[in-house]
Amino acid sequence: MRNYANPTNFLQLAGALIPLLAALTGALLCLGLSLAWFVAPPDYQQGETVRIMYLHVPAAWLSLFAYIVMTAAALGTLVWRHPLADAAQKAAAPLGAGFTFLCLATGSLWGKPMWGAWWVWDARLTSVLVLFLIYLGLIALWRTIEDPGKAARAAAIFTLVGAVNIPIIKFSVDWWNTLHQPASVFRLGGPAISGSMLWPLVVMASAFTLLFLTLHLMAIRNEILRRRLRRLSILAADAEESGITRAGSSMEAAYEQ
Amino acid sequence: MSNDPHFGFVIAAYGLGFFILGGMTFTILREYLSLKRMLSEFAARPSAEGSEDSKFPGKSLPKNSFE
């Protein structure tokens, strides 16, 4: 792992992995979409509306997964001071926000025909909204604090504090009476949905996971390049400034004479 | 399938999904190309002949540093 703290090694690894992951993502997404649209049956109560599940549920899982990745990266930043951890955390936040927004929006589009409401202040929905706001807060934090080191530490602490929301989201449907249905895949008695609907869901969730990994690697690569560019800009500005200072000193000396 | 009274909601959800996921992919790719272009412009500066070390003497860029 330490070996990949070296950005040059990481960029080489990312360069090799990204095309492979992208191809796998594309193939799995095509398979998942064809299963979800043409193989999975309509629900006996919900009809065709159930097809939103193949988008909504993977987006919900990925919104949590992205936050778990960020929490691990925050520990990497604060405890092990791994140089890649901060970049990984920063790169995951917009992706997590995107998946969470997709989860909320598709949930709303599913809720309107099934519940008769776009939104209810239900524990599951509200805790996911809080997760979305945490993502936005973290993105704002990185943009507000100018010193990258301070921003990384502040974001890592904020991420660890916000991690308390993850079990709340998971168990909200068990702890409170919610309009949102309880867990039907990851539950003690095994999945409660039919295999004909479960397999398309598993394929779509795998495609979304691969998509996240691909985009995350690409975003970390961008972050490394951005920091390189920043460093080069500072060095160039320093070099120019030292030239100006020398010229300025010469001018001052000339003025005093 | 399209006879379902709520089919519009399904289409809207998938349209939004393509828009968000496609948008994230496009943004990251565009940013990558832009960063690569800016870095290559730095390398092609007339005053920046040779390596980064020779561009900024005494302020070399560590190979294992992000910044």
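In this predicted model, A:Lys90 is partly exposed, with a relative accessible area of 26%. Its side chain forms a salt bridge with A:Glu223, and the closest N and O atoms of the two are 3.3 Å apart. This pair links distant parts of the chain, since A:Lys90 belongs to helix H3 of chain A while A:Glu223 belongs to helix H7 (residues 195-256) of chain A, 133 residues apart. In contrast to the partly exposed A:Lys90, A:Glu223 has a relative accessible area of 5% and is therefore counted as buried. Side chains of opposite charge can pair when their charged atoms come close.

An α-helix has 3.6 residues a turn, so residues three or four places apart point the same way. Both A:Arg227 and A:Glu223 are buried.

A further salt bridge involves A:Arg226, whose side chain meets that of B:Glu31 at 2.2 Å, N to O. This pair crosses between chains, running from B:Glu31 in helix H1 (residues 7-43) of chain B to A:Arg226 in helix H7 of chain A. B:Glu31 is partly exposed, with a relative accessible area of 28%, and A:Arg226, at 27% relative accessibility, also counts as partly exposed. Salt bridges that share partners join A:Asp86, A:Lys90, A:Glu223, A:Arg226, A:Arg227 and B:Glu31 into one network. A search of the whole structure finds 7 salt bridges over all chains, and three of them are set out here.

| Salt bridge | N to O distance |
|---|---|
| A:Lys90 and A:Glu223 | 3.3 Å |
| B:Glu31 and A:Arg226 | 2.2 Å |

**Where chain B meets chain A**

Between chain B and chain A the count is 1 salt bridge, and across their interface there are 5 residue pairs in polar contact. On the side of chain B that touches chain A, the largest share, 23 residues, comes from H1(B). In total, 38 residues of chain B are in contact with 53 residues of chain A. The size of an interface is often given as the accessible area lost when the parts come together. Here the two chains bury about 4,200 Å² between them, with 77% of it on carbon and sulfur atoms.

Helix H1 of chain A covers residues 7-39, and its 33 residues reach 44 Å from the first C-alpha to the last, close to the 48 Å expected at 1.5 Å a residue. At A:Leu17 this helix bends by about 30°, and a proline, A:Pro19, follows within four residues. At the start of H1(A), a side-chain oxygen of A:Asn6 reaches to within 2.9 Å of the backbone nitrogen of A:Thr8. The buried residues of H1(A) include A:Phe10, A:Leu21, A:Ala36 and A:Trp37. The backbone oxygen of A:Ala36 lies 2.7 Å from a polar atom of the side chain of A:Arg51, a residue placed in the loop between H1 and H2 of chain A. A:Arg51 is buried, with a relative accessible area of 3%.

Another arginine, A:Arg81, is found in the loop between helix H2 (53-80) and helix H3 (83-115) of chain A, and at 60% relative accessibility A:Arg81 counts as exposed. Most residues other than glycine have a negative phi. The phi of A:Arg81, however, is near 50°, a positive value in a residue other than glycine.

How values were computed:
Residues numbered from 1 in each chain as written. Chains lettered and ligands numbered in written order. Predicted model: local features only at pLDDT ≥ 70, side-chain atom pairs only at ≥ 80, totals over all residues. Heavy atoms only, no water. Helix = DSSP H or I, 4+ residues; strand = E, 2+ residues; numbered from the N terminus. Expected span 1.5 Å × (residues − 1). Bend = angle between axes of the 7 residues up to and from the residue. Buried < 20%, exposed > 50% of the residue type's maximum accessible area, 1.4 Å probe, protein only. Polar contact = N/O pair within 3.5 Å; in protein donor to acceptor, adjacent residues only side chain to side chain. Salt bridge = Lys/Arg side-chain N within 4 Å of Asp/Glu carboxyl O. Contact = heavy atoms within 4.5 Å. Buried area = accessible area lost by both parts, 1.4 Å probe.
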